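Please read them alongside the structure.

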Amino acid sequence: MDYAVLTGIVLVAGVVLALVAQWRDWRPPLLVAILVGVVVRVLIMYTSAIDTWQPVDFVESFKPAGEAVLRGQDPVLASDGGWHFLPTIPYVYGILLWLGIPWEYAGRLVTVVADIVLIPLVGKLAGGPRGSLRAFQYALNPLALLIASVHGQVEPVALMFGVAAFVVARGPGAPERPGITTDVVAKLRRGVAAYGARDSVRRVLGRGGMLHRALLPGPDDRGDLRRGALAGVLMGLALCAKSWPIWLIPGMLLLLPNLRSRVAGLFTTGLVPLFFLVTLPVFAGTRLDQIPAVIHTIQDIRPIVGEYGWTPWFTGGDWALRADLASFGTNLIYVSVIAVVLYWRRADPVDLTTAILLVFMVMTPRLGAQYLLWFMPFLIARPTRFAWPAIIAASAWAAYGYLYMTQFDTGGWWVMHSYWSRASIVLLPILALAMPWGRRIAAAAPGTASVVRPAGQARIRSTA
């Protein structure tokens, strides 16, 4: 990489400014945060576009997907499996290439714009008087700069829609929301206690019962239904960018005010990806008999391990097709996520989401550096005691790969990779410490059941 020193200076300066802003409790206007974010992202995008080094997947996977759309072909099939997601983003790539924008800029423009939009969204997600501070800190997030402006990975696009879904689901004014046990589950428990199990089943599931009444909208529920539907559409668009935002769905649903709006949100979440799938023959030129092959390619994840975490210690720090490690790690993720949901079931939905994403990073058998961006908007919006150690550690590990290892030829890169991938195990305890341990139960308002504290207010004072 030709501009590693300049990029490194920008990243370090950004971290220093973000920490000083935390220490001095700066609350710059949102416009300032956005302008700062635009300047640093455009600068790094420009130097990355004119660099002699370009990321392999950026050139060999993303670009062919956009070119396939230009030719009227399905990007999943035409790019020889290089694109494993719905063609939503390749449609945008194709438009930008059709406009004559060079790929080195066009491919990064998609992610840079999305990451800029994320800046005010993080401020809205944080809410409260420190919302502008959190937006400013995300504007300077070093990992976001690397992923959006250097690599051109599409994580910022998925996060833009995912965080927007959270903001819409919570609604204006960040009202207090009941947690899981004080909403539907609490009502079910009271019903069982009052009437007994058999009678409660009839009162809950029967005609005119609680579930029947909950699903039938009243005259004052249309606003909640619209909000749930819109949040679901945004989350569906996040799933069209990548498949991993499925981990964001529980938090989004919990932010919605009632069961009806959650059903609406879940319905539209699934409807949007389905729309892009069934319209492949119209927009991507896919034959009907090719759709099963497209679905298979999207679902097919090769068990490549050895890039990050605990698996490199079984592969010598190299990539390897290890189905045994991949299967064990995948099951470990599922068990851990279930445990997290149970442990943080009464927490703020943003804290629950942060915990889910962080436990994924700790347990996963396979990960690219861009995955570490998943939790950044949520952790910055509601920082924990170890938030900034986790942010700095993850960014430093990724920056070493992007800025330093790219100075070597292929042989030297693989030698460095064997050490770099195994060193990532140091991140796991730091990420575990950054989970919202002190906010397992949302604060209760006086005289009420357990409720979610508005975003931006922590149960413990953050030292991040």
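At what angle do the axes of helix α2 (residues 30–49) and helix α6 (residues 103–126) cross?

1. The axes cross at roughly 160° and come within 10 Å. Helix α2 is therefore roughly antiparallel to α6 (an angle over 145 degrees, taken from 0 to 180 degrees between N-to-C directions of lines fitted to C-alpha atoms, for helices over the stretch in contact). The crossing of α2 and α6 is right-handed. Helices here are DSSP runs (H or I, at least four residues) numbered from the N terminus.

2. This is a predicted model, in which local features need pLDDT of at least 70 and side-chain atom pairs count only at pLDDT 80 or more, while totals for chains, interfaces and linings use all residues. Residues are numbered from 1 along each chain as its sequence is written, and side-chain values use heavy atoms, without hydrogens and water.

3. In the contact (heavy atoms within 4.5 Å), residues of α2 including L30, I34, V38 and R41 meet residues of α6, among them Y105, L109, V112 and I116. By class, the contact of α2 with α6 has 13 nonpolar, two polar and four charged residues.

4. T47 also lies in helix α2. T47 is buried, at 5% relative accessible area (the cut-off is under 20%, with a 1.4 Å probe and protein chains only). Beyond residues up to four places away in sequence, T47 touches Y3, L6 and T7.

5. The largest nonpolar core has 124 residues, of which M361, L372 and L431 touch the most other members. Its largest share, eleven residues, comes from helix α22 (residues 387–404). Such a core joins buried Ala, Val, Leu, Ile, Met, Phe, Trp, Tyr and Cys residues through side-chain atoms within 4.5 Å.

Methods. Helix = DSSP H or I, 4+ residues; strand = E, 2+ residues; numbered from the N terminus. Parallel < 35°, antiparallel > 145°, perpendicular 65-115°, else oblique. Left-handed = near helix turned anticlockwise from the far one by under 90°. Nonpolar A, V, L, I, M, F, W, Y, C, P; charged D, E, K, R; others polar. Buried < 20%, exposed > 50% of the residue type's maximum accessible area, 1.4 Å probe, protein only.
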